[in-house]
Amino acid sequence: MTNVTLSPLSFHEEETAELSSEPESQFLVFRCGNGLYGVDLLQIHEILKPMPVTRLPNVEEEVLGVINLRGNIIPVLDILKTLNHEYAELQPSSRIIVCSVNNKSMGLLVDSVTEVVSLKDSSIEGAELRGFSQEYLSGVGRTDSFIFLIFNLALLFKEKTAESGDNQSGDEGR
């Protein structure tokens, strides 16, 4: 048996060990139009191939309709229409990302799903960039090879439920 001697960490190794303990977040990165976007992986329920959508009357243009997912009715939103005011064209790579926020689900139609990315919190820019699009985005993620805009699904869900007239107390407007 060979004896192994452990030496204390050098300064550089200690610094690297500290950096590796920095909190990380995972994002599902997807493409819409010419842009790359991401959603917190913890908010993703599943990813589906496009399926028939039942149109609804009197809804916003970006709401394509609803799907029946194992007995649950899920509204589907065209993200390209939300961001660029143009409808996405269905491609073989198109997907519906089913997301959940505060026990509410919504499907996001995207051009393609690219990958799952783990980012240290220091790789996410946010507060100083919020002025450019407070409507739906919470920041910018950067990897070694690309950057992507991070969706704030809570804002997107809040706005869509407010526009569709959801009323939680049930007493207003009577």
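Reader: What conventions apply to the model and its numbering?
Author: Residues are numbered from 1 along each chain as its sequence is written, and side-chain values use heavy atoms, with hydrogens and water left out. This is a predicted model in which totals for chains, interfaces and linings use all residues, side-chain atom pairs count only at pLDDT 80 or more, and local features need pLDDT of at least 70.

Reader: How many helices and strands are in the protein?
Author: Helices (H or I, at least four residues) and strands (E, at least two) are DSSP runs, numbered from the N terminus. From that terminus on, the elements run α-β-β-β-β-β-α-β-β-β-β-β-β-α. The protein has 3 helices and 11 strands.

Reader: Which residues have the most contacts inside the largest nonpolar core?
Author: A nonpolar core is a set of buried Ala, Val, Leu, Ile, Met, Phe, Trp, Tyr and Cys residues joined through side-chain atoms within 4.5 Å; buried means under 20% relative accessible area, exposed over 50%, and partly exposed in between (1.4 Å probe, protein chains only). The largest such core has 19 residues, and those with the most contacts inside it are Phe30, Val39, Ile97, Leu108 and Phe151.

Reader: Which strands each supply at least two residues of this core?
Author: The core with 19 residues is the largest nonpolar one. Its contributors of at least two residues each include strand 1 (24-32), strand 2 (35-40), strand 6 (95-101) and strand 7 (104-110).

Reader: How many salt bridges does a search of the whole structure find?
Author: A salt bridge is a side-chain nitrogen of Lys or Arg within 4 Å of a carboxyl oxygen of Asp or Glu. Lys120 and Glu24 meet in one of them (3.2 Å, N to O). The search of the whole structure finds 3.

Reader: How far apart in sequence are the parts that Lys120 and Glu24 tie together?
Author: Lys120 is partly exposed at a relative accessible area of 25%, and Glu24 is partly exposed at 47%. Lys120 lies in strand 8 (residues 112-120) and Glu24 in strand 1, so the pair ties together parts separated in sequence by 96 residues.

Reader: Is Glu46, which forms a salt bridge with Arg70, buried or exposed?
Author: The closest N and O atoms of Glu46 and Arg70 are 2.3 Å apart. Arg70 is exposed, with a relative accessible area of 63%. At 17% relative accessibility, Glu46 counts as buried.
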